[in-house]
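Student: Hi! Could you walk me through this one?
Tutor: Happy to, let's have it up on the screen.

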Amino acid sequence: MNPFFKAVALTVAFVGAPVLAADTAEVGKPAPAFTLKDEAGKTHNLADYKGKVVVLEWTNSECPFVKRHYEAKTMQTTQKGFDAKKVVWLTVDSTASHNAKFAADWKKKEGFTQPVLVDTDGKVGKSYAAKTTPHMYVIDGEGVVRYAGAIDDDARGKGATTNYVKTAVDAVLGGQQVPTATSEPYGCSVKYKS
(Lines give C-alpha, C1' and ligand atoms only; values in the text may rest on other atoms or scores of the structure.)
Protein backbone atom coordinates (compact mmCIF):
# COMPACT_ATOMS: atom_id res chain seq x y z
CA MET A 1 0.00 0.00 0.00
CA ASN A 2 1.18 3.51 -0.78
CA PRO A 3 2.59 5.05 2.50
CA PHE A 4 0.30 8.10 2.15
CA PHE A 5 -2.85 5.97 1.91
CA LYS A 6 -1.61 3.74 4.73
CA ALA A 7 -1.24 6.84 6.98
CA VAL A 8 -4.72 8.05 6.00
CA ALA A 9 -6.22 4.61 6.74
CA LEU A 10 -4.53 4.51 10.15
CA THR A 11 -5.76 8.02 10.96
CA VAL A 12 -9.33 7.14 9.99
CA ALA A 13 -9.16 3.94 12.04
CA PHE A 14 -7.82 5.86 15.06
CA VAL A 15 -10.37 8.70 14.84
CA GLY A 16 -13.24 6.23 14.56
CA ALA A 17 -12.07 4.21 17.58
CA PRO A 18 -14.21 4.35 20.73
CA VAL A 19 -13.00 6.50 23.62
CA LEU A 20 -11.70 4.18 26.30
CA ALA A 21 -11.78 4.88 30.01
CA ALA A 22 -8.54 5.98 31.61
CA ASP A 23 -6.62 3.96 34.19
CA THR A 24 -6.70 6.92 36.56
CA ALA A 25 -9.14 9.80 36.97
CA GLU A 26 -8.10 13.05 35.36
CA VAL A 27 -10.24 16.11 34.68
CA GLY A 28 -11.08 16.31 30.98
CA LYS A 29 -10.49 12.60 30.39
CA PRO A 30 -12.84 9.59 30.49
CA ALA A 31 -13.47 8.38 34.04
CA PRO A 32 -12.06 4.99 35.04
CA ALA A 33 -14.70 2.30 34.60
CA PHE A 34 -15.79 0.41 37.69
CA THR A 35 -18.25 -2.16 38.95
CA LEU A 36 -18.96 -2.24 42.70
CA LYS A 37 -21.66 -3.64 44.95
CA ASP A 38 -23.49 -1.40 47.37
CA GLU A 39 -24.42 -2.03 50.99
CA ALA A 40 -27.50 -4.00 49.87
CA GLY A 41 -25.59 -6.19 47.40
CA LYS A 42 -26.80 -4.37 44.26
CA THR A 43 -24.18 -4.01 41.51
CA HIS A 44 -23.38 -0.54 40.16
CA ASN A 45 -21.43 -0.07 36.95
CA LEU A 46 -20.36 3.44 35.93
CA ALA A 47 -21.42 2.68 32.33
CA ASP A 48 -25.01 2.13 33.56
CA TYR A 49 -25.27 5.86 34.24
CA LYS A 50 -24.31 7.08 30.76
CA GLY A 51 -26.33 10.18 29.92
CA LYS A 52 -26.51 11.30 33.57
CA VAL A 53 -24.15 13.40 35.62
CA VAL A 54 -22.51 11.21 38.27
CA VAL A 55 -21.22 12.57 41.57
CA LEU A 56 -18.78 10.28 43.39
CA GLU A 57 -18.23 10.96 47.08
CA TRP A 58 -15.39 9.10 48.80
CA THR A 59 -16.27 8.59 52.43
CA ASN A 60 -15.35 7.05 55.77
CA SER A 61 -18.05 7.45 58.41
CA GLU A 62 -15.40 7.42 61.16
CA CYS A 63 -13.61 10.48 59.76
CA PRO A 64 -14.30 13.72 61.70
CA PHE A 65 -14.56 15.69 58.42
CA VAL A 66 -17.19 13.29 57.07
CA LYS A 67 -19.05 13.40 60.40
CA ARG A 68 -19.02 17.21 60.30
CA HIS A 69 -20.42 17.30 56.75
CA TYR A 70 -23.18 14.80 57.56
CA GLU A 71 -24.11 16.57 60.80
CA ALA A 72 -24.21 19.91 58.94
CA LYS A 73 -26.17 18.18 56.12
CA THR A 74 -23.64 19.42 53.51
CA MET A 75 -23.84 16.26 51.41
CA GLN A 76 -27.59 15.79 51.83
CA THR A 77 -28.43 19.42 51.00
CA THR A 78 -26.13 19.45 47.97
CA GLN A 79 -27.64 16.22 46.68
CA LYS A 80 -31.25 17.37 47.23
CA GLY A 81 -30.56 20.42 45.07
CA PHE A 82 -30.17 18.21 41.99
CA ASP A 83 -32.78 16.66 39.71
CA ALA A 84 -32.55 12.92 40.45
CA LYS A 85 -33.50 12.19 36.83
CA LYS A 86 -30.33 13.95 35.66
CA VAL A 87 -27.85 13.44 38.51
CA VAL A 88 -26.77 10.24 40.28
CA TRP A 89 -24.91 10.48 43.62
CA LEU A 90 -22.80 7.48 44.60
CA THR A 91 -20.96 7.30 47.90
CA VAL A 92 -17.83 5.13 47.79
CA ASP A 93 -16.17 3.63 50.89
CA SER A 94 -12.62 2.38 50.20
CA THR A 95 -11.85 1.87 53.89
CA ALA A 96 -10.11 -1.52 54.24
CA SER A 97 -11.82 -2.38 57.55
CA HIS A 98 -15.37 -1.59 56.34
CA ASN A 99 -17.83 -3.98 54.74
CA ALA A 100 -21.40 -3.97 53.43
CA LYS A 101 -22.94 -4.37 56.90
CA PHE A 102 -20.88 -1.47 58.24
CA ALA A 103 -22.01 0.69 55.31
CA ALA A 104 -25.66 -0.36 55.72
CA ASP A 105 -25.62 0.45 59.45
CA TRP A 106 -24.13 3.90 58.79
CA LYS A 107 -26.62 4.62 56.00
CA LYS A 108 -29.53 3.66 58.29
CA LYS A 109 -28.16 5.80 61.14
CA GLU A 110 -27.72 8.87 58.90
CA GLY A 111 -31.00 8.29 57.02
CA PHE A 112 -29.76 9.03 53.52
CA THR A 113 -30.88 7.24 50.35
CA GLN A 114 -27.89 7.11 47.98
CA PRO A 115 -26.07 3.79 47.68
CA VAL A 116 -22.80 3.23 49.51
CA LEU A 117 -20.46 1.35 47.18
CA VAL A 118 -18.11 -0.95 49.06
CA ASP A 119 -14.53 -0.85 47.74
CA THR A 120 -12.74 -2.74 50.52
CA ASP A 121 -9.79 -3.72 48.33
CA GLY A 122 -9.36 -0.04 47.36
CA LYS A 123 -8.99 -0.79 43.66
CA VAL A 124 -11.55 1.79 42.54
CA GLY A 125 -10.37 4.41 45.03
CA LYS A 126 -6.81 4.04 43.81
CA SER A 127 -7.91 4.24 40.16
CA TYR A 128 -9.50 7.59 41.00
CA ALA A 129 -6.51 8.63 43.14
CA ALA A 130 -8.96 9.37 45.96
CA LYS A 131 -6.82 10.81 48.75
CA THR A 132 -9.22 12.03 51.41
CA THR A 133 -12.61 11.50 52.91
CA PRO A 134 -14.45 13.28 51.54
CA HIS A 135 -12.98 13.47 48.02
CA MET A 136 -15.44 14.38 45.28
CA TYR A 137 -15.66 13.77 41.53
CA VAL A 138 -18.20 15.00 38.98
CA ILE A 139 -18.53 12.98 35.76
CA ASP A 140 -20.58 14.24 32.83
CA GLY A 141 -23.13 12.26 30.81
CA GLU A 142 -20.44 11.15 28.35
CA GLY A 143 -18.33 9.68 31.17
CA VAL A 144 -15.72 12.45 31.28
CA VAL A 145 -14.39 13.72 34.63
CA ARG A 146 -15.32 17.40 34.91
CA TYR A 147 -14.42 18.08 38.56
CA ALA A 148 -12.12 16.53 41.18
CA GLY A 149 -11.44 17.84 44.67
CA ALA A 150 -13.14 19.06 47.83
CA ILE A 151 -16.90 19.38 48.40
CA ASP A 152 -16.37 23.08 49.20
CA ASP A 153 -13.86 25.72 50.30
CA ASP A 154 -14.52 25.16 54.02
CA ALA A 155 -11.69 22.91 55.24
CA ARG A 156 -11.76 24.44 58.74
CA GLY A 157 -15.53 24.38 59.22
CA LYS A 158 -15.91 28.16 59.40
CA GLY A 159 -18.63 28.39 56.75
CA ALA A 160 -18.30 27.65 53.04
CA THR A 161 -18.45 30.41 50.46
CA THR A 162 -18.29 28.03 47.47
CA ASN A 163 -19.73 24.54 47.09
CA TYR A 164 -17.49 23.23 44.29
CA VAL A 165 -19.65 20.17 43.59
CA LYS A 166 -22.88 22.16 43.23
CA THR A 167 -21.10 24.68 41.00
CA ALA A 168 -19.61 21.89 38.86
CA VAL A 169 -22.87 19.96 38.46
CA ASP A 170 -24.81 23.13 37.64
CA ALA A 171 -22.20 24.06 35.01
CA VAL A 172 -22.24 20.59 33.42
CA LEU A 173 -26.05 20.52 33.31
CA GLY A 174 -26.06 23.99 31.77
CA GLY A 175 -23.54 23.04 29.09
CA GLN A 176 -21.01 25.43 30.60
CA GLN A 177 -17.34 24.97 31.45
CA VAL A 178 -16.79 24.13 35.13
CA PRO A 179 -15.32 27.32 36.68
CA THR A 180 -13.14 25.46 39.18
CA ALA A 181 -12.33 22.05 37.70
CA THR A 182 -9.97 21.00 40.50
CA SER A 183 -9.45 21.91 44.11
CA GLU A 184 -7.36 20.47 46.91
CA PRO A 185 -9.44 17.84 48.73
CA TYR A 186 -9.37 18.00 52.51
CA GLY A 187 -10.25 15.49 55.21
CA CYS A 188 -8.85 12.24 56.57
CA SER A 189 -6.61 10.10 54.40
CA VAL A 190 -8.36 7.17 52.72
CA LYS A 191 -7.59 4.08 54.83
CA TYR A 192 -6.61 1.75 52.00
CA LYS A 193 -5.73 -1.90 52.47
CA SER A 194 -1.97 -2.11 52.93
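This is a predicted model: local features need pLDDT of at least 70, side-chain atom pairs count only at pLDDT 80 or more; totals for chains, interfaces and linings use all residues.

Student: Which residues of H4 are buried?
Tutor: In H4 (residues 100-110), Ala-103, Trp-106 and Lys-107 are buried. Buried means under 20% relative accessible area, exposed over 50%, and partly exposed in between, with a 1.4 Å probe and protein chains only. Helices (H or I, at least four residues) and strands (E, at least two) are DSSP runs, numbered from the N terminus.

Student: Why are they on the same side of H4?
Tutor: They cover an arc of only 100° around the axis, which puts them on the same side of H4. The arc is taken from the directions from the helix axis to the C-beta atoms.

Student: And what's exposed on the other side of H4?
Tutor: Lys-101, Lys-108 and Lys-109.

Student: What do the buried residues of H4 pack against?
Tutor: Helix H2 (64-71), S4 and strand S5 (116-118), with contact meaning heavy atoms within 4.5 Å.

Student: Let's switch to H2. Which residues are buried there?
Tutor: Val-66, His-69 and Tyr-70 are buried in H2. Down the axis of H2 they fall within an arc of 95°, so they line one face of the helix. The face turned away from that buried side carries exposed Pro-64 and Glu-71.

Student: What do the buried residues of H2 pack against?
Tutor: Strand S3 (53-58), helix H3 (74-80), S4, H4 and S6.

Student: OK, Thr-133: buried or exposed?
Tutor: Thr-133 counts as buried, because its relative accessibility is 1%. Thr-133 is found in strand S6 (residues 132-133). Leaving aside residues up to four places away in sequence, Thr-133 touches residues including Trp-58, Cys-63, Val-66 and Tyr-186.

Student: New topic: what volume does the second largest pocket have?
Tutor: About 160 Å³. A pocket is an open set of points on a 1 Å grid over the protein atoms alone, where a 1.4 Å probe fits, with protein on both sides within 12 Å along at least five of seven lines; lining residues have an atom within 4 Å of a point.

Student: Which strand gives the most to the lining?
Tutor: Strand S4 (residues 87-93), with 4 residues. Among the lining residues are Phe-82, Asp-83, Trp-89 and Pro-115.

Notes. Residues are numbered from 1 along each chain as its sequence is written. Side-chain values use heavy atoms; hydrogens and water are left out. Grid points are joined across faces, edges and corners, and a volume is the space filled by probe spheres set on the points.
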